[in-house]
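Open your viewer and get ready to click around. We will go one selection at a time.

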Amino acid sequence: MRLALRLNLLLIAGVAAVSGGFAYYQVQSERRGLERDLQRQALDLADSLAKTAEPLMVRHAFRELQVLVDRVRDRERLAGVGVYSGSGQILAITAGFTALIKGDPPLTMEEADAENGYAHFVTLGGIPMHVATVPLRVDSELLGFLAIFHDAAYIDSRALAAWRRALLTVTIQTLLIASITLLTIRWAIGRPLLRMAHWLRELRAGRGATAPLLREPELEPLTREVSRLASSFTAARAAAEEEARLRDSAESQWTTDRLRVFVQGRLQGSQLIVVSNREPYEHFRRSSGIECSVPASGLVTALEPILRACDGTWIAQATGDADRETADEHGCLGVPPDNPQYTLRRVWLSPDEVRGFYLGFANEGLWPLCHIAHTRPTFRSEDWEHYEAVNRKFATAVLEEISDEENPVVVVQDYHFALMPRLIKRVRPDARVAIFWHVPWPNPEAFGICPWQRELLGGLLGADLIGFHIQTHCNNFLDTVDRTLECRIERDRNAVSRNGHLTAVRRFPISVAMEEQAPAEDSPYLERAALLAGHGVRSAFLGVGVDRIDYTKGIPERFRGLERFFEKHPVYRGEFTFVQIGAPSRSEIRRYHDLMIEVEQEAERINRRFQTAEWRPIVFLPSHHSREAILPYYRSSDLCMVTSLHDGMNLVAKEYVAARSDDQGVLILSRFTGASHELVDALVVNPYDTEEVADSIHHALEMTPEERHLRMGRMRAVIRENNIYRWAGNLIAELCDIRLPAAARSETVHAEAHTFSHT
């Protein structure tokens, strides 16, 4: 009630002040107009009478002058006319005028000095008058003055009447505007706020009502903040309910909240630095302005909860064309953009560095070296130089971030930064450094191809902890170190001791987030039909593959398995369609460019062989798809094929299983993926064996719903138990449990850091 009263009073006062100002201006304008009209009328009359009076003044015909002034006294608003001598004495004046003003009207000095006439407003005998005076001349000789007196009282009367009209108008306008504004506020703001209050009430009561959509731009900040608050509230409630459920069932499922608490306890105030080639947030210029996007990456899903928990720093290469505009002079910005909780530090690479470090040594050298997929690695000395330089550039950024920190924790990601652990530990021996190698580690004979194998191994062994997906990769790494370097391999501890430094080698199978969701409301059959109709295909069964276009993913081998399936089981022609979602990758490299052409041609060849007017066996979608766009294919497909020729883990397999909340669908999985070691209920195949791939497709389509349900349920239980948060928690726990020498940093270390940063 008080708020409404204050709002009413402020609104009325504001409208009244503005309207009153306009009314004052209008009245004053009308007064000035009346005064100008009267002045013009008086001067015109004075000029006319002066032409008649001048000859009479020459002849001193004062009686005729009196007749002249008496003759015009009946004019409208004319109060009197007076004729003065040059010295200011009255020679003739309208009869009765002196009685009206109670005395003779004097001639002022301004009037006597005026050469061309003078006009002004005066008060004579209490009556407002307008006086217009013109000189009477003959051959430039001043004979006297003619004065015209008009009654100006009507101007005040009209101004007063105008004020009355204006005040009445102001009052009516104020009341109307105030009423309309209050009604508008109640309708445009009050109603949305009431809807929001009702929504918050329902949310607080535990009824998950849909958030109200407030379309008013003025309410958008409020809507955004309330939505964030509601999301936090919902997440906190869900976490509490989940925690209660876990305590009830004595389970130990990892969640973002559990990971956050766990990491805070293990780090104990130490700063966490994460280094990766790919950044978690990119900024691009669009026609509508600068847009922020999140790259599709399991790494972001895994590491963000840790960084948010401890206000850490993520160091990565800047890849967006608007990245520099959104960061400060050090390349830093708070992320996520809508609710900053940790720092992203961007490192800019030149085009030559990108070609040499990323496209060259990392992806034409190390990538094919680590993936035994029949593509010969290419090593060039100039690429190696760029690889070294970029590793130093990133290490410098890390050392700058931890320069004032005690016992920092650094987690380096993947084969792009094999040299970095040693570069960091050489300057900061008190830092705990881990590197996780996301790709396979080859056997010693294969790794021996690399001309700089000793330098790479030396860089990696600077870390306190090295992580791989599976134990085979750990064993291959230990064998490679044993064959290449002088060191002691402690097989019982899975560790390497070299130059007084111990490096632990551990298995950490990465995973995905298992978001428990209710099955989709629409039938998977209807969703499938809609998806296929969008591609001009009608089919009863659907298969899906989701990959980067990479020679390690076995896409041509997959297509040949599909071709053999249609040869052996023609009954499925026209009934089964396979959708291959293929994101273009590293197209600047010739091998990848050629592979894209090969995949397209293979799909076209098989389609020409089997397709009909309304059906084709393969739908190839060579473009980037968001996770939201891929989920409908996961949910509605009968099978998913992951036929990598060599893969560290392959998260697509786990993403597919995590998406099948209906416990249906069949996963066909290559035995050469890390995921096959965990998802044993998939149909595990040799992708090089075309017959086995074809038979596995047939087996998947003919499998009973009961068997599909049993297999998928067991695989989902594996991922639920060993999700991405457990992976991150185990990695941080293992790293923080490592004992470091209790040596404090010295001035020598400071000097070395300064020297290194300028190398």
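Here is a short tour, from the whole chain down to single residues.

**Before you start.** This is a predicted model, in which local features need pLDDT of at least 70 and side-chain atom pairs count only at pLDDT 80 or more, while totals for chains, interfaces and linings use all residues. Residues are numbered from 1 along each chain as its sequence is written, and side-chain values use heavy atoms, leaving out hydrogens and water.

**Stop 1: the whole chain.** Colour by pLDDT, the predictor's confidence in each residue from 0 to 100. The mean over the protein chain is 86, and 87% of its residues reach 70 or more. Now select residues 744-755, where the pLDDT is below 50; beyond near neighbours in sequence, this stretch has eight contacts in the model (contact means heavy atoms within 4.5 Å). Where pLDDT is low, the predicted coordinates should not be read in detail.

Switch to a cartoon view to see 24 helices and 23 strands. These are DSSP runs (helices: H or I, at least four residues; strands: E, at least two), numbered from the N terminus.

**Stop 2: the inside.** Of the 759 residues in the protein chain, 49% count as buried (buried is under 20% relative accessible area, exposed over 50%, partly exposed in between, with a 1.4 Å probe and protein chains only). Select Phe477 and Leu667: these have the most contacts inside the largest nonpolar core, which has 164 residues. Such a core is a set of buried Ala, Val, Leu, Ile, Met, Phe, Trp, Tyr and Cys residues joined through side-chain atoms within 4.5 Å. Apart from this core lies another of 23 residues, including Ala42 and Leu65.

**Stop 3: an enclosed helix.** Select residues 420-427, helix α12. Why is α12 largely enclosed by the rest of the structure? Because six of its eight residues are buried; among them are Met420, Leu423 and Lys425.

**Stop 4: a buried aspartate.** Go to aspartate 547 in strand β18 (residues 541-548). Is aspartate 547 buried or exposed? With a relative accessible area of 8%, aspartate 547 is buried. Leaving aside neighbours within four places in sequence, its contacts include Lys553, Arg558 and Gln580.

**Stop 5: back to the outside.** Finish with leucine 168, in helix α5 (residues 153-204). Its relative accessibility is 53%, so leucine 168 counts as exposed.
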